[in-house]
Amino acid sequence: MENYIGKPIKRREDTRFLKGAGRYTDDIKLPHMAHVAFVRSPYAHAKILNIDTTAAAQAEGVIAIYTGADECGNFGVPCGWQVNFKNGDTMREPQHPLLAKEKVRHVGEAVAVVVAETQALARDAAELVEVEYEELPAVTNPKDAMQPGAPLVHDQWPDNAAFDWCIGNDRAEVEKALENAYHVTELEFINNRLAPNAIEPRSYIADYNVNDDKWTLYTSTQNPHLIRLLLCAFTLGLPEHKVRVVSYDVGGGFGSKIYHYTEEALVTWLSRQVGRPVKWTADRSEAFMTDAHGRDHVVKSKMGFDKDGKIVAHLTDEYCAMGAYLSTFAPAIPTYLHGTLFQGLYTTPLIHLNVVAPFTHTVPVDAYRGAGRPEATYLIERLISKAAIEMNMDPAEIRFKNFIPPFDGINQPGYQTQVALQYDSGNYAAALEKALEAAGYENFRKEQEEARQNGKLLGLGISTWIEGCGIAPSAVVGALGARAGLYEVGHVRVQPTGKVTVYTGTHSHGQGHETTFAQFVADKLGIPIEDVDIEHGDTNEVAFGMGTYGSRSLAVGGSAIVKSIDKVLEKGARIAAHKLEAAVEDLEYGDGKWTVKGTDKSISFGDVALTAYVPHDYPQGEEPGLDFSSFYDPVNFTFPFGAHICIVEVDADTGKVTIKRFITVDDVGNIINPMIVDGQIHGGVVQGIGQALLEEVAYDEGGQMITGSYMDYAMPRADDVPFIETHNTVTPCPHNPLGVKGAGEAGTIGATPAVVNAVIDALAHLGVRDIQMPLTPQRVWKAMQNNN
């Protein structure tokens, strides 16, 4: 029987996508479907004095208009994570209303909704709604939001802090170590705010069936079951058993489609009010104004070293924007997904991070590809590269001096960090060694020096990274503030003919689950991959699940499926033993059949499956059928890691950065499909390049987003990206049955600091030590002029 694990099998799902047969939410058309348009605030902060819907209500095709004064204004979407203040005070958690009532708190916040016969008629009528505002001062920078006298986002509290938080060693101890350090490197910067820009905008269709009092919500989400739970238990109070959430194909998410949004809840409420299916799909301008953004940390940091370049202490203070409201997982991003990775790959003995998380008059901030891990990696890798320049050390050498020694988590215990987590397994030096070899490091340094003699500016940047994926176990994350479990569900149904249907609670929005999952299922059962079908995205089909984010699908969802496969094989062995008149312990399974050891007596998987459903000759007391479901709650995170190297050329006259080469060495544990992993790395690297060189959500002093379209928000294009040279090392995860770690965010985490370090390396001889991201030609050129 053919083996499938480790093979670059083409994605099965691509056939329907290439034929235009994908099932995206906006493609769905229901009978008598009405359409929605929102009236949104043009101000970042303002009182709502009056809303006049008279003219709009008389417009062609209008079915209904609602404002925050109606019943829907009493509902709000919840936050799914609680992080309290250091002194024990409860996190400040304002209601996030479906429609604003007395105030608006960011540009784009909805104040009214129009339901009409068509999308065009709804938008036309929305323009006729007259809203009288009293504009108020706004604050968009998270550090500015905590200054005395800053405009308050929510008046019920004396300042804008949602919470403050710290992790690591005692601050006084860290400060003392820095005072005694041989050398201290300092950095202050803003980790620039990003818009997610999934190719498919958010889209929702709600259909209330009055005859059976049930709702169906079609939604472009990354986690259908969590949306149903939040919608029913917290937002609208609907009976969960009467709500079906369906998410077929999703055109990218990058984290932005994890969350429960106000529009999603509102269309669900509207469907019952108007007695018809109701649909809303964001246009690109709405996406910029309403999709949760990422990053936006104001950072001040110090790292101390001894005379040999060993790190002795690391101290960081950050202001991390929450936006106007707390999005679903927002409090976890700068804390448990960020601070817990401050060890990096290094043996740093003393670490302290302090986070203040202010509300700002901006779009809420939540997870964006990497979610807290890219921010941590960027800081650590910039500090260590800057220290290498200041201490006249090679940037590779200083990393090798500080790496955690190799450990496999079996023969050597996991590595206990100073910031709560215990790493599972790793060989960090091996990844960097392989990357340096692939880059031709020593030869490049000679080439760089020769190029400088001819006025050519070449630079090489190194970034090593680690990520915590598959966040778990539920009891631990619950103690850390998660308001949901983070297990996963895998259901394996063997049909009478031996064909297999797998139902997974994870969700694919570009990751290739229908292929990857089928590969390991077919391998473990010893059956053709064509005999395996993967189903996801429908709460009526899948018992439960926590969706896809944080590179958790294979490590957590795949492990749940393996547990069910094990149950199938255990029961199958009992049936086979009965049919072969042998003891279970005398059987061995392989190539899709059970065989009596030392004989040629065997029975196929298909024959056992048929026997399970036609149990005429069957073990006494054994239930018919071959159908199992399992929950898997991991014992620990998984920790993929790697090393990235970027080589750039900087135009001395214009400051334009051209990436000449990009090399990745990523260790994601065992690899099921190397082609899909490479694709994940490629996409992540491009997004990392985007943050480093091009992308930034910017606001003016009044809170207006001045990069709210592709005319102003620069996305990476094909000519911005080189051929990405991908390599791997393999260090299996010791605590899940597949030995996998996660690959979806790796490229993004490692790429950004590699690019910036490369540019600084190219300009270091000019005295340039740091440039604020994105490194636009103007900023790079100014840095060169200021240091000449």
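Predicted model: local features only at pLDDT ≥ 70, side-chain atom pairs only at ≥ 80, totals over all residues.
Figure 1. Strand S21 (residues 488-494) pairs with S22 in the antiparallel sense over five bridges, and Arg493 stands opposite Thr501 in S22. The hairpin of S21 and S22 has five residues between the strands, and in this hairpin Gly498 adopts a positive phi near 90°. Strand S23 (residues 532-535) pairs with S22 in the parallel sense, over four bridges. Within S23, Glu535 is the bridge partner of Tyr503.

**Figure 2. Packing of helix H8 against helix H17.** Two packed helices are described by the angle between their axes and the distance between the axes. For helix H8 (residues 373-390) and helix H17 (residues 746-763), the angle is about 25° and the axes are 8 Å apart. H8 is therefore roughly parallel to H17, as angles under 35 degrees are classed in this way. The crossing of H8 past H17 is right-handed. On the H8 side, the contact is made by Arg373, Pro374, Thr377, Tyr378, Glu381, Arg382, Ser385 and Ile389. On the H17 side, Ile749, Thr752, Pro753, Val756, Asn757 and Ile760 take part. By class, the contact of H8 with H17 comprises seven nonpolar, four polar and three charged residues.

**Figure 3. Packing of helix H13 against helix H14.** Helix H13 (residues 513-525) packs on helix H14 (residues 553-580) at an angle of about 30°, and their axes are 11 Å apart. This angle makes H13 roughly parallel to H14. The two helices cross in a right-handed manner. From H13, the residues in the contact are His513, Thr516, Phe517, Phe520, Val521, Lys524 and Leu525. H14 contributes Ser553, Leu554, Gly558, Ile561, Val562, Ile565, Val568 and Leu569. The contact of H13 with H14 divides into 10 nonpolar residues, four polar and one charged.

Figure 4. Helix H5 (residues 224-235) is largely enclosed by the rest of the structure, since nine of its 12 residues are buried. The buried residues are Pro224, His225, Leu226, Ile227, Arg228, Leu230, Leu231, Cys232 and Thr235. Their cover includes strand S4 (76-77), strand S12 (214-219), S13 and H6. Just after H5, Gly237 takes a positive phi of about 70°. Between the C-alpha atoms of Gly237 and Asp591 the distance is 50 Å in space, with a separation of 354 residues in sequence. Asp591 itself is situated in the loop between strand S24 (587-590) and strand S25 (593-596), and counts as exposed at 52% relative accessibility.

**Figure 5. The open sheet S6-S2-S8.** Three strands form an open sheet in the order S6-S2-S8, with antiparallel pairing. Strand S6 (103-104) and strand S8 (130-135) stand at the edges; each has a single partner strand, so one side of each is left without a neighbour in the sheet. Strand S2 (residues 46-52) pairs with S6 in the antiparallel sense over two bridges. Opposite Val104 of S6 stands Ala46.

Figure 6. Most residues other than glycine have a negative phi, and most peptide bonds are trans. Asn197 has a positive phi, near 55°, and lies in the loop between strand S10 (183-191) and strand S11 (203-209). Asn197 is buried, with a relative accessible area of 10%. Phe254 also has a positive phi, near 55°, within the loop between strand S13 (243-246) and helix H6 (262-274). With a relative accessible area of 27%, Phe254 is partly exposed. The peptide bond from Met773 to Pro774 is cis, and its omega is near -10°. Pro774 is placed in the loop between H17 and helix H18 (777-786).

Note on methods: Residues numbered from 1 in each chain as written. Heavy atoms only, no water. Axes fitted to C-alpha atoms, helices over the stretch in contact; angles between N-to-C directions. Parallel < 35°, antiparallel > 145°, perpendicular 65-115°, else oblique. Left-handed = near helix turned anticlockwise from the far one by under 90°. Contact = heavy atoms within 4.5 Å. Nonpolar A, V, L, I, M, F, W, Y, C, P; charged D, E, K, R; others polar. Pairing = 2+ DSSP bridges. Buried < 20%, exposed > 50% of the residue type's maximum accessible area, 1.4 Å probe, protein only.
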